[in-house]
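Here are some notes to read beside the model. Take the points in order, and find each residue on screen as you go.

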Amino acid sequence: MQIIQCIYTTWAPPLSKLTSTKSKQSTGNIQAQIHINKDDDVGVDDDSVGEKFRLPSNVKSITSTSNPFVKHCLKLRHSSSYRHSHGSVLVVGTTPIREIYKFERSLQERTVRIDCLLLLDKAEVPEGLDISNFTLRISPMVMKKLSGLQSIESIEAIALMNIPSSFFNINVNQKDADCRGWFPSPHRILVLDGIQDPGNLGTLLRSAMAFKWGGVFLLPGCCDPFNEKALRASRGACFQLPIVSGSWCHLEALKDEFQMKLLGGHPESNEEARRVLRLSQGLVESLADVPLCLVLGSEGHGLSEKSERLCELVSIQMAGGFESLNVSVAGGIFLYMLQPKKQRISHQI
């Protein structure tokens with residue numbers, strides 16, 4: 001059987017052998033301890049993590065779902081550890097590909113690279129994409145397999161992109177990480193604490209991008225932002241926002257460096273021993289010039305014990321008889337109300 005290999009990946013050792021304590025951004029390899037939730041690592045044999053795939057230049061199309069290259073792409077879609085060891089992500093659909101490409105073109109420094117574009121057989125290159133890299137034609141059967149969708153009527157393209165250099169995965173044992181280079185604008189940072197649902201995480205990333213927040217910090221227990229469902233919900237925002245995956249000690253270093261206030265989203269309750277502030281216009285105005293970390297907890301358990309202890313708690317007042325909102329809905333309200341001052345003024349105009 002002919003071995004089909006892909007040219008876009010750079011070799012990385014298996015995760016069990018990773019020793020570096022810092023992300024290697026220039027090559028697209030994330031050589032750090034990955035502590036994000038790996039719930040999408042289902043039914044994937046990672047023995048081949050670190051293999052180097054090379055696709056011969058004479059291969060212009062793939063029609064079989066059993067092709068080794070297709071299997072490699074499926075592992076990228078299903079396995080968090082496989083994605084991060086190869087530094088590569090499968091992005092499904094013309095719209096997110098175009099949005100990521102447009103954003104990347106607007107930057108002075110390239111943070112994202114489209115390594116390979118997979119086009120449905122006989123489909124045109126999507127308008128707005130000037131792809132000089134390798135383009136591969138695939139059959140409808142392969143497109144359906146790679147997309148994971150029942151219907152591919154609206155899917156004509158899949159892109160293999162490198163994990164952006166704006167993503168930092170900090171080793172949980174690294175105590176001296178330099179937080180000054182994580183976020184170009186650290187005035188407003190969204191912190192997610194154990195958000196395991198990829199749909200909610202992706203929606204929050206998209207909202208943070210829409211309201212011009214400076215980036216997202218993922219505490220342990222969060223799902224992978226490059227999970228296929230998170231990618232779909234975020235519409236590619238994970239490629240456009242600076243994202244740091246780290247521990248509480250790294251978040252505290254960031255807070256101390258930029259003198260940031262920790263604000264934790266919390267359900268309103270009369271039984272709380274601590275005072276819980278209400279989100280209001282007055283509170284928003286008082287925080288307009290204050291560097292802020294907004295911490296949102298998991299769907300089932302809310303803020304972790306440490307987050308609840310270290311944050312000033314704030315709730316959204318509700319007239320109905322509900323105790324709390326879905327985290328992505330509540331997060332959208334917080335992100336809108338607490339968005340950077342200049343952005344809020346421009347919306348009002």
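1. Start with a polar contact (a pair of N or O atoms within 3.5 Å; within protein, one must be able to donate a hydrogen and the other to accept it, and residues adjacent in sequence count only if both atoms are side-chain atoms). A polar atom of the Asn-227 side chain lies 2.7 Å from the backbone nitrogen of Lys-229. Asn-227 sits in the loop between strand E8 (215-218) and helix H6 (228-234). Helices (H or I, at least four residues) and strands (E, at least two) are DSSP runs, numbered from the N terminus.

2. Is Asn-227 buried or exposed? Asn-227 counts as buried because its relative accessibility is 9%. Buried means under 20% relative accessible area, exposed over 50%, and partly exposed in between (1.4 Å probe, protein chains only).

3. A word on the source. This is a predicted model: local features need pLDDT of at least 70, side-chain atom pairs count only at pLDDT 80 or more, and totals for chains, interfaces and linings use all residues. Residues are numbered from 1 along each chain as its sequence is written, and side-chain values use heavy atoms, with hydrogens and water left out.

4. Now the sheet. Five strands form an open sheet with mixed pairing, in the order E1-E4-E3-E5-E2. Strand E1 (61-62) and strand E2 (88-92) are the edge strands, and each pairs on one side only. Two strands pair if DSSP finds at least two bridges between them. Strands of a sheet pair through backbone hydrogen bonds, either parallel or antiparallel.

5. Follow the bridges. E1 and strand E4 (residues 134-138) run parallel and are joined by two bridges. Ile-62 has Ile-138 as its bridge partner in E4. E2 runs antiparallel to E5, with five bridges. There, Ser-88 stands opposite Asn-162. Strand E3 (residues 114-120) is also antiparallel to E5, again through five bridges. Here Leu-118 stands opposite Ile-158.

6. Why is strand E5 (residues 157-162) largely enclosed by the rest of the structure? Six of its six residues are buried, so the strand is largely enclosed. Both faces of E5 are covered. Ala-157, Ala-159 and Met-161 are buried on one side, and Ile-158, Leu-160 and Asn-162 are buried on the other.

7. Next, the second largest pocket, with a volume of about 430 Å³. On a 1 Å grid over the protein atoms alone, a pocket is an open set of points where a 1.4 Å probe fits, with protein on both sides within 12 Å along at least five of seven lines; lining residues have an atom within 4 Å of a point. Grid points are joined across faces, edges and corners, and a volume is the space filled by probe spheres set on the points. Of the 24 lining residues, Gly-265, His-266, Pro-267, Ser-324 and Leu-325 are closest to the centre. Helix H10 (327-337) is one of the elements that give two or more residues to this lining. H10 gives the most, with three residues.

8. Val-276 lies in the loop between strand E10 (261-265) and strand E11 (277-278). Val-276 is buried because its relative accessible area is 19%. Leaving aside residues up to four places away in sequence, Val-276 touches His-266, Leu-313, Val-314 and Ser-315; contact means heavy atoms within 4.5 Å.
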